[in-house]
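Subject: Structure for your review

Dear colleague,

Please find the structure below, followed by an account of what was found in it.

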Amino acid sequence: MNKINIKNLSQEDLEQALKQLGLPAYSAKQIFIWLYKKHVSDFGQMTNLSLSSRQLLAEQFEIPSLAVHQKKISRDHTTKYQFVLNDGPAVESVLIPMGRWHTLCVSSQAGCALGCKFCLTGIKGFKRNLSVSEITEQLAAVQAENRDTPISHIVFMGMGEPFANYDNTLKAIDILTSEFGYQYSHRRITVSTAGLVPQIKRFIGESKANLAVSLNALYDDTRTALMPINARYPLEKLTAVLKDYHQKRKGWVTFEYVMIKDINDGIAHAIQLAKLLKEFPFKVNLIPFNEHWGTDYKRPDEEHIRAFQEYLVSHTIACMVRTTHGEEIEAACGQLGGIKIPQEDAQ
Ligand code: SF4
């Protein structure tokens with residue numbers, strides 16, 4: 001009999017599964033504490049459950065974990081971790097120290113099917129969705145390697161489009177925010193999307209986590225050239241659903257704007273962005289493009305970046321230029337998926 005991966009289950013799923021086994025639903029809370037607060041890897045260690053319950057659980061479920069396969073540390077202490085999944089593909093997470101905060105950027109898919117032209121993950125193609133446990137175990141493994149530095153924020157900005165793996169992303173967030181799980185505040189979790197409109201609609205009603213949108217252009221032709229998904233969900237549809245998000249959630253959305261030399265770094269783009277942002281409040285993160293081997297795109301010069309930012313700030317738009325972390329180890333935005341593993345060469 002194939003055992004069920006218990007870490008793929010939300011607390012609600014686990015309660016249902018326990019009921020079907022004739023066990024009390026409240027044991028789901030006890031099991032969550034053992035799995036996510038005490039990090040046990042064996043049902044035998046769950047000593048507040050009866051012996052017969054532990055035996056039954058061990059027959060039905062398995063407790064998986066993810067081991068770090070490789071890591072690379074940059075000069076600014078940004079660390080890229082690579083995990084190799086059971087069936088071969090590799091995914092990466094990045095731990096970014098920022099003063100007393102430590103942010104973990106997690107992957108939601110092995111590769112990505114959206115094919116954004118500036119993104120190494122997209123250029124390398126799609127392998128598969130990550131399971132719930134493959135998402136949450138990135139946190140468990142990285143935190144285990146850094147016991148003295150609690151990870152304060154989690155961003156779904158690693159490999160993959162989280163909303164293309166919507167159900168597993170939301171279940172992972174359930175575990176991350178559960179009182180009996182990792183107990184993160186929703187305010188400390190951000191999901192970044194390339195703009196999948198139907199999933200953003202669902203997210204408005206189904207999650208309290210923060211939303212970020214990878215915008216990158218203000219004209220449909222430029223955006224479609226950079227991000228083919230824009231042909232399906234053009235700017236008009238995207239901005240309409242974001243207005244709805246703002247009205248219903250009263251929350252700010254962060255726009256990620258990867259600045260690429262001679263593509264989207266001109267003042268005309270800044271003017272258009274300022275016009276858009278007049279309609280509703282958003283924050284903008286300008287991310288100077290991190291050059292990599294997968295494309296000829298270039299990083300804009302500092303003068304262009306400053307002029308773009310100054311234009312937005314002078315129009316009272318909250319806007320910061322994101323410091324590039326871990327560029328020399330290819331851990332910066334758009335650079336994930338670059339560590340080679342032996343299996344990849346054979347595929
Ligand atoms: S930027 Fe995000 S959505 Fe686009 S290809 Fe890369 S991982 Fe996928």
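Histidine 39 is placed in the loop between α2 and α3 (51-60); helices (H or I, at least four residues) and strands (E, at least two) are DSSP runs, numbered from the N terminus. This is a predicted model, in which local features need pLDDT of at least 70 and side-chain atom pairs count only at pLDDT 80 or more, while totals for chains, interfaces and linings use all residues. Residues are numbered from 1 along each chain as its sequence is written.

The phi of histidine 39 is near 55°, a positive value in a residue other than glycine. Most residues other than glycine have a negative phi. Histidine 39 is partly exposed, because 13 other C-beta atoms lie within 10 Å. On this scale a residue is buried if 20 or more other C-beta atoms lie within 10 Å of its own, exposed if 12 or fewer, and partly exposed in between, with C-beta atoms placed from the backbone.

Threonine 316 also has a positive phi, of about 50°, although it is not a glycine. Its loop runs between α11 (302-314) and β14 (319-321). Threonine 316 is exposed, since 11 other C-beta atoms lie within 10 Å.

Serine 185 belongs to the loop between α6 (166-177) and β10 (189-193). With 12 other C-beta atoms within 10 Å, serine 185 is exposed. From serine 185 to lysine 208 there are 23 residues in sequence and 9.3 Å in space, C-alpha to C-alpha.

The axes of α1 (residues 11-20) and α2 (residues 27-37) come within 9 Å and cross at roughly 125°; axes are lines fitted to C-alpha atoms, for helices over the stretch in contact, and angles run from 0 to 180 degrees between N-to-C directions. That angle makes α1 oblique to α2, where angles under 35 degrees count as roughly parallel, over 145 as roughly antiparallel, 65 to 115 as roughly perpendicular and the rest as oblique. In contact here (C-beta atoms, placed from the backbone, within 7 Å) are Gln11, Leu14, Glu15 and Leu18 of α1 with Ser27, Ala28, Ile31 and Phe32 of α2. By class, this contact of α1 with α2 has 5 nonpolar, 2 polar and 1 charged residues. Ala, Val, Leu, Ile, Met, Phe, Trp, Tyr, Cys and Pro count as nonpolar, Asp, Glu, Lys and Arg as charged, and the others, Gly among them, as polar.

For α5 (residues 132-145) and α6, the axes come within 8 Å and cross at roughly 45°, and the two helices are therefore oblique to each other. Val132, Ile135 and Thr136 in α5 meet a set of α6 residues that includes Asn168, Lys171 and Leu176. The contact of α5 with α6 divides into 5 nonpolar, 3 polar and 1 charged residues.

Helix α10 (residues 267-278) packs with α11 at an angle of about 25°, their axes 9 Å apart, which makes α10 roughly parallel to α11. Ile267, Ala270, Leu273 and Ala274 of α10 make the contact with Ala307, Phe308, Tyr311 and Leu312 of α11. The residues of this contact are 8 nonpolar, no polar and no charged.

Finally, which residues surround the ligand? They are Cys112, Leu114, Gly115, Cys116, Cys119, Thr121, Gly122, Met159, Gly160, Glu161, Ala194 and Ser214, where a residue is near a molecule if its C-beta atom, placed from the backbone, lies within 6 Å of it. The shell around the ligand has 6 nonpolar, 5 polar and 1 charged residues.

With kind regards

Notes
Two residues are in contact if their C-beta atoms, placed from the backbone, lie within 7 Å.
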